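Q: Please take a close look at a single helix in this model. What lies on its buried side, and how does the neighbouring helix pack against it?

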Amino acid sequence: MLTLRAAASGDEALLLGWRNDPEAIRFSVSRLGVTPGEHATWLARRLADPGTHLWVAEERGTPVGQVRVDVEDGTGTVSIAIAPGQRGRGLGTAALRAMVTLVARDPAVLTLRALVHTGNPGSARAFELAGFHRLERRQGEFIVLERAMPTHE
């Protein structure tokens with residue numbers, strides 16, 4: 001059973017480890033690792049930003065990944081990382097589905113969008129299984145996937 005809990009400042013080292021995992025760096029937009037100081041500053045900003053939703057995915061109480069949604073102008077940009085050693089077990093799909101359920105409560109989010117590196121078909125499949133569809137256009141080496149959210153009336 002996978003659950004999402006709000007990330008907190010105490011998750012800093014855990015999140016930094018996942019962020020600087022070689023596979024995460026390889027498929028990231030920046031393709032760069034970050035220093036502990038850079039990460040601490042980034043995390044503090046994200047946790048204080050009402051437009052950012054950041055969760056730690058847990059399986060039976062054990063952290064196995066993170067999902068983040070940065071909301072701007074009705075679009076939530078989704079980022080996900082599954083811990084090394086936990087990949088290939090469907091946790092990405094489960095985390096994305098749980099995130100969609102939580103974000104559906106936010107009337108400010110009309111669309112979810114993700115960029116997935118073309119060399120990461122497992123991630124693209126996880127998004128598709130969570131209801132995202134591929135757009136015809138790409139952004140450089142990245143596939144663009146989107147999912148419309150229900151309207152709130």
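A: In helix 5 (residues 121–129), Ser123, Ala124, Ala126 and Phe127 are the buried residues, buried being under 20% relative accessible area with a 1.4 Å probe and protein chains only. Helices here are DSSP runs of H or I with at least four residues, strands are E runs of at least two, and both are numbered from the N terminus. Viewed down the axis of helix 5, the buried residues fall within an arc of 160 degrees, so they line one face of the helix; the arc is taken from the directions from the helix axis to the C-beta atoms.

The model is predicted: local features need pLDDT of at least 70, side-chain atom pairs count only at pLDDT 80 or more, and totals for chains, interfaces and linings use all residues. Residues are numbered from 1 along each chain as its sequence is written, and side-chain values use heavy atoms, with hydrogens and water left out.

The cover over the buried residues of helix 5 includes strand 4 (75–82), helix 4 (91–103), strand 5 (111–117), strand 6 (133–139) and strand 7 (142–148). Contact means heavy atoms within 4.5 Å.

Helix 4 packs on helix 5 at an angle of about 40 degrees, with the axes 8 Å apart. Axes are lines fitted to C-alpha atoms over the stretch in contact, and angles run from 0 to 180 degrees between N-to-C directions. On the helix 4 side, Gly92, Thr93, Leu96 and Arg97 meet Ala126, Phe127 and Leu129 of helix 5.

Just after helix 5, glycine 131 has a positive phi of about 95 degrees.

Terms used: Buried < 20%, exposed > 50% of the residue type's maximum accessible area, 1.4 Å probe, protein only.
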